[in-house]
Amino acid sequence: MRRYWSMMELGLIVMCVFASGVARGAETQDNPAAAARDIMGRSGVQGGLVVHVECGNGRLAAALGRNESFLIHGLDTDEADVSSARNYIHSRDLYGRVSVERWNGQKLPYANRLVDVLLLSEQA
């Protein structure tokens, strides 16, 4: 995995979603709500900005966004995934608290210490 940012500069909790056993790809797709509860329970964070890198279809981002204590920002390098995720988030009436945008895969678009939890998927 390439390193694009300094974890010390970000000052956040990083969870490698699919690689750490917190939630595996198929399990996350089958039950994103359970995966979201597991991830946030393990993080210990009670609220703030959660960034999901390579968020795919947006189902996990949407599940995370059901908790009103969090603002969820999904990033993905694939335009088709971004479109699919946005459609899903809109269909669940979560757009605003949950958003997704295309990311160039180079540098995260945040100021230092802004992000509270950073979720990395396998592709990241």
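The model is predicted, so local features need pLDDT of at least 70 and side-chain atom pairs count only at pLDDT 80 or more, while totals for chains, interfaces and linings use all residues. Residues are numbered from 1 along each chain as its sequence is written, and side-chain values use heavy atoms, with hydrogens and water left out.

**The big picture**

- You'll find 5 helices and 5 strands in the chain; helices (H or I, at least four residues) and strands (E, at least two) are DSSP runs, numbered from the N terminus.
- Starting at the N terminus, the elements go α-β-α-α-β-α-β-α-β-β.
- Of the 124 residues in the chain, 45% are buried; buried means under 20% relative accessible area, exposed over 50% and partly exposed in between, with a 1.4 Å probe and protein chains only.
- The accessible surface is about 6,500 Å², and carbon and sulfur atoms hold 45% of that; such areas come from the Shrake-Rupley method with a 1.4 Å probe, and for residues only the protein chains shown count as cover.
- Take the contacts (heavy atoms within 4.5 Å) between residues at least 6 apart in sequence: 71% of them join residues at least 24 apart.

**How the strands line up**

- Two strands pair if DSSP finds at least two bridges between them.
- Strand β2 (residues 48-53) runs parallel to β3, with 6 bridges joining them, and Val53 has Leu75 in β3 as its bridge partner.
- β2 also runs parallel to β5, this time with 4 bridges, and here Val50 sits opposite Val117 in β5.
- On to β3 and β4: they are parallel too, joined by 5 bridges, with Gly74 opposite Val100 in β4.
- Because 6 of its 7 residues are buried, β3 is largely enclosed by the rest of the structure.

**What's packed inside**

- A nonpolar core is a set of buried Ala, Val, Leu, Ile, Met, Phe, Trp, Tyr and Cys residues joined through side-chain atoms within 4.5 Å.
- The largest one has 23 residues, and Met40, Val50, Leu64 and Ile72 have the most contacts inside it.
- At least two residues of this core come from each of α3 (32-43), α4 (59-65), β3 (70-76), α5 (79-91), β4 (98-102) and β5 (117-120).
- Helix α4 gives the largest share of this core, 5 residues.
- Leaving out residues up to four places away in sequence, Leu64 touches Ala36, Met40, Val50, Ile72 and Leu119.
- Apart from that core lies another, of 10 residues, including Val53, Leu108, Val115 and Leu118.
- In β5, Val117 and Leu119 point one way, Leu118 and Leu120 point the other way, and all are buried.
- In a regular strand the side chains alternate between the two faces of the sheet.

- The predictor's confidence in each residue is its pLDDT, from 0 to 100; the chain averages 81, and 74% of the residues score at least 70.
- Among the elements, β4 has the highest mean pLDDT (98) and helix α1 (residues 7-10) the lowest (44).
- pLDDT is below 50 over residues 1-12, a stretch with 25 contacts in the model beyond near neighbours in sequence.
- Residues 17-22 also stay under 50, and the model gives them 18 contacts beyond four places in sequence.
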